[in-house]
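User: I am new to this structure and would like to learn how to read it. Could you take me through it step by step?

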Amino acid sequence: MASPRRSVEGRPLGASASSNSSSPGSPAHGGGGGGGSGRFEFQSLLSSRAAGVDPTCARLRASESPVHRRGSFPLTAAGPSQAPPPTLPEEDRMDLNPSFLGIALRSLLAIDLWLSKKLGVCAGESSSWGSVRPLMKLLEISGHGITWLLGTLYCLYRSDSWAGREVLMNLLFALLLDLLVVALIKGLVRRRRPAHNQMDMFVTLSVDKYSFPSGHATRASLVSRFILKHLVLAIPLRVLVILWAFILGLSRVMLGRHNVTDVAFGFFLGYMQYSIVDYCWLSPHNAPVLFILWNQQ
Ligand SMILES: CC(C)=CCC/C(C)=C/CC/C(C)=C/CC/C(C)=C/COP(=O)(O)O
């Protein structure tokens, strides 16, 4: 994950000249901004197609160029026709020979960056919806890991029924699992937060400088699925739970904390995590130690 992306010349992007320069938060880093070298790469990819340049031919031409030939042929009388064909490094070949999936992913990334920037209307006090920012930050706290962990621990402490304790114990397990999975993926993917984000979040872990996936979105969908399954609620309250999860996800993009894909994947991941929790459901039968230990306190 940490390996730098490369330009056609095999040079790490962002390591050099003006046209390839990228800053944290630029698309080359997976961040926001909507411009920069991410878009440049995407456009050059399309323009080579539009100009009728087959990427495969581009590869051949590149390999035939004097630059690539230099030093590649042995100095024998046999001439270039009998020499082994020069080869490009693997990653360069992939750049020059994009698959349909590659183009689709790059298009999705471009749309994601554009839409996220458009929706980031509360990213700063001076943004178009800057006055709503305090409300969005309140929502942020409502989905924060600390809020949910402390709330669950408090309810567990106050609970006087075995059934209640069992549900809360599993909610605690779900929250901890979610923190672990999100931290692992953030550390692996290392996608920068959008450039327009202000890093003024309430208590964060070191991996929270990265944005993929949104921890608030995973928690929102995990917790709301959990609540809908294990709490008997009237219909209006059930609708409220779903609305809370949806608005919390949307607020992450509006605050400029995330790109749309971070939140969409976060919702999906949280939903799947609930299935894991349900599958591994802790009960006095399969985890008696946990329940006995808690009961002794
Ligand atoms: C209290 C117990 C039992 C354990 C503590 C475990 C622990 C390490 C808690 C840390 C909680 C914490 C600081 C979570 C960070 C939440 C956060 C800011 C996520 C970022 O969300 P995102 O949507 O911006 O990705």
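User: Which element gives the largest share of the shell around the ligand?

Analyst: A shell is read by asking which elements supply its residues. This model is predicted. Here α7 gives the largest share of the shell around the ligand, three residues. In all, 15 residues surround the ligand. The closest are Gly145, Leu149, Ser214, Gly215 and His216.

User: How do the residues of the shell around the ligand divide into nonpolar, polar and charged?

Analyst: Sort each residue of the shell by its type. The count here is six nonpolar, six polar and three charged.

User: How many helices and how many strands are in the chain?

Analyst: Start with the list of elements. The chain has twelve helices and zero strands. Of its 297 residues, 28% count as buried. Contacts tell you about the fold too. Take those between residues at least 6 apart in sequence: 65% of them join residues at least 24 apart.

User: What span should helix α8 have?

Analyst: At 1.5 Å a residue, the 28 residues of α8 (residues 162-189) should span 40 Å. The end C-alpha atoms are 40 Å apart, so expectation and model agree. Now try helix α5 (residues 100-119). Its 20 residues reach 28 Å from the first C-alpha to the last, close to the 28 Å expected.

User: Which residues of α5 are buried?

Analyst: In α5 the buried ones are Leu113, Ser116 and Lys117. They sit on the same side of α5, because they cover an arc of only 95 degrees around the axis. Those buried residues pack against α10 (235-254) and α11 (260-279). The face turned away from the buried side carries exposed residues, including Phe100, Leu101 and Lys118. In α8, the buried residues include Val167, Asp178 and Lys186.

User: Where does arginine 190 lie, and is it buried or partly exposed?

Analyst: Check the element, then the backbone, then the neighbours. Arginine 190 lies in the loop between α8 and α9. Its phi is positive, about 55 degrees, although it is not a glycine. It counts as partly exposed because it has 16 C-beta neighbours inside 10 Å.

User: What is the phi of valine 203?

Analyst: Valine 203 has a positive phi of about 35 degrees, and it is not a glycine either. It too lies in the loop between α8 and α9. Valine 203 is exposed, with 10 other C-beta atoms within 10 Å.

User: Is the peptide bond from phenylalanine 212 to proline 213 cis or trans?

Analyst: Read the omega angle. For this bond omega is near 0 degrees, and the bond is cis. Proline 213 belongs to the loop between α8 and α9.

User: Which residues does UniProt list for "transmembrane region"?

Analyst: The unreviewed UniProt entry lists residues 171-189, 231-251 and 263-282. In the model, residues 231-251 are 81% helix and 0% strand, with end C-alpha atoms 26 Å apart. Residues 263-282 are 85% helix and 0% strand, and their end C-alpha atoms are 29 Å apart.

User: Which residues does the annotation "domain: Phosphatidic acid phosphatase type 2/haloperoxidase" cover?

Analyst: According to the unreviewed UniProt entry, it covers residues 166-278. Over that stretch the chain is 70% helix and 0% strand. Its end C-alpha atoms lie 12 Å apart.

Terms used: Residues are numbered from 1 along each chain as its sequence is written. This is a predicted model: local features need pLDDT of at least 70, side-chain atom pairs count only at pLDDT 80 or more; totals for chains, interfaces and linings use all residues. Helices (H or I, at least four residues) and strands (E, at least two) are DSSP runs, numbered from the N terminus. The expected span of a helix is 1.5 Å times one less than its number of residues. A residue is buried if 20 or more other C-beta atoms lie within 10 Å of its own, exposed if 12 or fewer, and partly exposed in between; C-beta atoms are placed from the backbone. The arc is that of the directions from the helix axis to the C-beta atoms. Two residues are in contact if their C-beta atoms, placed from the backbone, lie within 7 Å. A residue is near a molecule or strand if its C-beta atom, placed from the backbone, lies within 6 Å of it. Ala, Val, Leu, Ile, Met, Phe, Trp, Tyr, Cys and Pro count as nonpolar, Asp, Glu, Lys and Arg as charged, and the others, Gly among them, as polar. UniProt positions are given in the numbering used here, feature names are shortened, and annotations may be inferred rather than shown by experiment.
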